[in-house]
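I opened my notebook to look up a few things in one protein model. My notes follow, in the order I looked.

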Amino acid sequence: MEETVEDPPTSAVLLDHCHFSQVIFNSVEKFYVPGGDVTCYYTLTQHFIPRRKDWIGIFRVGWKTTREYYTFMWVTLPIDLNSESAKQQEVQFKGEKNPGSKVFEDSP
């Protein structure tokens with residue numbers, strides 16, 4: 001994974017043509033155990049064009065802007081986007097073993 005010290009990520013990519021659900025998140029849990037690892041599974045659709053600065057973030061319930069992320073990770077570019085393995089992706093966020101951690105719940 002590529003980690004750089006830069007400004008926080010934003011969603012400032014302007015699309016010439018809009019296709020909703022360009023990235024589909026799979027197996028999203030209703031809640032996650034405090035301090036536990038979180039594996040994020042996602043599928044890239046045919047309309048998605050990967051970029052070097054793509055990232056996935058974890059947000060608190062009720063977030064309003066992309067700057068309100070709890071944490072994020074840069075994702076790697078698929079080598080061959082046409083292969084089936086490139087379409088099915090995952091990234092793992094390592095949990096913090098902090099007894100004060102809060103549960104992140106999916107909004108109702």
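**Gln89 and its contacts.** I started with Gln89 and left aside its neighbours within four places in sequence. In this predicted model, Gln89 is in contact with Cys40, Tyr41, Tyr42, Leu44 and Pro78. Contact here means heavy atoms within 4.5 Å. Gln89 is found in strand β6. I checked how covered Gln89 is, and it is buried, with a relative accessible area of 16%. The cut-offs I used are these: buried is under 20% relative accessible area, exposed is over 50%, and partly exposed is in between, with a 1.4 Å probe and protein chains only.

**Ground rules.** I noted that residues are numbered from 1 along each chain as its sequence is written, and that side-chain values use heavy atoms, with hydrogens and water left out. Because the model is predicted, local features need pLDDT of at least 70 and side-chain atom pairs count only at pLDDT 80 or more, while totals for chains, interfaces and linings use all residues.

**The elements.** How many helices and strands are there? I found 1 helix and 7 strands. Both are DSSP runs numbered from the N terminus: helices are H or I with at least four residues, strands are E with at least two. From the N terminus on, I read the order as β-β-β-β-β-α-β-β.

**Confidence.** I looked up pLDDT, the predictor's confidence in each residue, from 0 to 100. The protein's mean is 77, and 67% of its residues reach 70 or more.

I traced an open sheet of 3 strands, in the order β1-β3-β6, with antiparallel pairing. Its edge strands are β1 and β6 (88–93), and each pairs on one side only. Neighbouring strands of this sheet are turned by 30° against each other on average, direction ignored. The angles come from axes, lines fitted to C-alpha atoms (for helices over the stretch in contact), and run from 0 to 180 degrees between N-to-C directions.

Two strands count as paired if DSSP finds at least two bridges between them. I got 4 bridges joining β1 to β3, and 6 bridges between β3 and β6. Then I picked out partners. Phe25 has Tyr42 in β3 as its bridge partner. As for cover, 5 of the 7 residues of β3 are buried.

**β4 and β5.** I then turned to another pair. β4 and strand β5 (residues 69–74) pair in the antiparallel sense over 5 bridges. Within it, Gly57 has Phe72 in β5 as its bridge partner. β4 is mostly covered, since 4 of its 5 residues are buried.

**Salt bridges.** How many salt bridges does the rule give? My rule was a side-chain nitrogen of Lys or Arg within 4 Å of a carboxyl oxygen of Asp or Glu. The count comes to 1. The side chains of Lys94 and Asp37 make it, at 3.5 Å from N to O. This pair links distant parts of the chain: Lys94 is in the loop between β6 and β7, Asp37 is in the loop between β2 and β3, and they are 57 residues apart. Lys94 is exposed, with a relative accessible area of 60%, whereas Asp37 is partly exposed at 39%.

**Asp54, a charge without a partner.** Asp54 sits in the loop between β3 (38–44) and β4 (55–59). Asp54 is buried yet has no salt bridge. Its nearest side chain of opposite charge is Arg51, 6.0 Å away. For charges I counted Lys and Arg as positive and Asp and Glu as negative, leaving out His and the chain ends. Not counting residues up to four places away in sequence, Asp54 touches Phe48, Trp74 and Val75.

**Ser27.** Last, I checked a backbone angle. Phi of Ser27 is near 55°, a positive value in a residue other than glycine. Most residues other than glycine have a negative phi. Ser27 is in the loop between β1 (23–26) and β2 (31–32). Is Ser27 buried or exposed? Ser27 is exposed, with a relative accessible area of 56%.
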